[in-house]
Amino acid sequence: MLDVDVSCTRGTFRLEAALRAEPGRVTAIVGPSGAGKSTLLRVVAGLESPVRGHVTVDGAAWTDAASATWRDPEHRAVGWVPQDLALFPHLSVRDNVAFGVPGPREDRRVRAEALLERFAVGDLADRAVGTLSGGQRQRVALARALARDPRVLLLDEPLASLDPDTRARVRDELRESLVSLACVTLLVTHSPDEALRLGDDLLVLESGRVTQRGPVRSFADDTGAGWAAGFLRARPAER
Ligand code: ADP
């Protein structure tokens, strides 16, 4: 269980957000640009230090302003898939994934190959990442994010760099991958389609505040109110 309740300032912006998320579920975080979605992920990852509150994972404090508890980012069991995927272009697929694995070289190789097999890209292990398709790159980025057995997986618009046709296909592949995960997943997206298809729960952030939350299913009929209703009504026709 991830339990976040923080106040965090970035320049003149203030995020005041609370969130609880269960392992094995995906929380889709949506809201207007500048609402604080990425800042919330950064707080969980330990890239922002809140002025108040805590980030707790399975009862262990990663951040707790009251007791001055702070765990550095590299000591948080977090997997991160950013918008541009941030793969290392000069490394092979295998080495990209092995990079995140702790331990001796041989163990890292074995673990990397097992993860690549799991996402059906094991045969690409020796390839340079620059030669992969968008969907293949996405799977490699996910394998790398999972290499350290994260308790929390952070996906910051992971499909944003794909063209629309590839995006629909990779989204469905990603959904299959996410179903099998035992960690808490937070997904930031600007796409109503992705929120509905990948999310179990929806959280709306507006101007640094949580304004709506609940199971995605409870937002899926077109009778809802608030920012989520307008957002979800903008959904394009089924692909
Ligand atoms: P979102 O992901 O919802 O688009 P962000 O979390 O990226 O929003 O940004 C929230 C707010 O934080 C922005 O409106 C901006 O004012 C502020 N902000 C973001 N990055 C910085 C920064 N590096 N320095 C100062 N303020 C920032």
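Author: **From a hairpin to the ligand**

In the hairpin formed by β1 and β2, two residues lie between the strands, and glycine 11 adopts a positive phi near 60°. Strands (E, at least two residues) and helices (H or I, at least four residues) are DSSP runs, numbered from the N terminus. The model is predicted, so local features need pLDDT of at least 70 and side-chain atom pairs count only at pLDDT 80 or more, whereas totals for chains, interfaces and linings use all residues. Residues are numbered from 1 along each chain as its sequence is written, and side-chain values use heavy atoms, with hydrogens and water left out.

Two strands are said to pair if DSSP finds at least two bridges between them. Aspartate 3 belongs to β1 (residues 2-10), and its bridge partner in β2 is arginine 20. The side chains of aspartate 3 and arginine 20 also make a polar contact of 3.3 Å. A polar contact is a pair of N or O atoms within 3.5 Å; within protein, one must be able to donate a hydrogen and the other to accept it, and residues adjacent in sequence count only if both atoms are side-chain atoms. The side chain of aspartate 3 makes another polar contact, of 3.4 Å, with the side chain of histidine 54.

Aspartate 3 counts as buried because its relative accessible area is 16%. Buried means under 20% relative accessible area, exposed means over 50%, and partly exposed lies in between (1.4 Å probe, protein chains only). With neighbours within four places in sequence set aside, aspartate 3 is in contact (heavy atoms within 4.5 Å) with Leu19, Arg20, His54, Val55 and Thr56. Alanine 61, in strand β5 (residues 60-64), is 58 residues from aspartate 3 in sequence, and their C-alpha atoms are 9.3 Å apart. At a relative accessible area of 29%, alanine 61 is partly exposed. Under the same exclusion of neighbours within four places, alanine 61 is in contact with Val55, Thr56, Thr69 and Arg71.

A polar side-chain atom of lysine 37 is 2.8 Å from a ligand oxygen atom, and a polar backbone atom of serine 38 is 2.9 Å from a ligand oxygen atom. For threonine 39, a polar side-chain atom lies 2.5 Å from an oxygen atom of the ligand. Taken alone, the ligand exposes 560 Å², of which the protein buries 58%. Accessible areas come from the Shrake-Rupley method with a 1.4 Å probe; for residues, only the protein chains shown count as cover.

Helix α1 itself is mostly covered, with seven of its nine residues buried. These are Lys37, Thr39, Leu40, Leu41, Val43, Val44 and Ala45. After α1 comes glycine 46, with a positive phi near 85°.

Strand β3 (residues 26-30) is largely enclosed by the rest of the structure, because five of its five residues are buried. In a regular strand the side chains alternate between the two faces of the sheet. In β3, Val26, Ala28 and Val30 point one way, while Thr27 and Ile29 point the other way.

Strand β3 pairs in the parallel sense with β9 (residues 184-188) over four bridges, and threonine 27 stands opposite leucine 186 there. Strand β3 also pairs in the parallel sense with β10 (residues 201-206) over four bridges, where leucine 202 is the bridge partner of alanine 28. Leucine 202 counts as buried, at 2% relative accessibility. Residues up to four places away in sequence apart, those touched by leucine 202 include Ala28, Val30 and Phe219.
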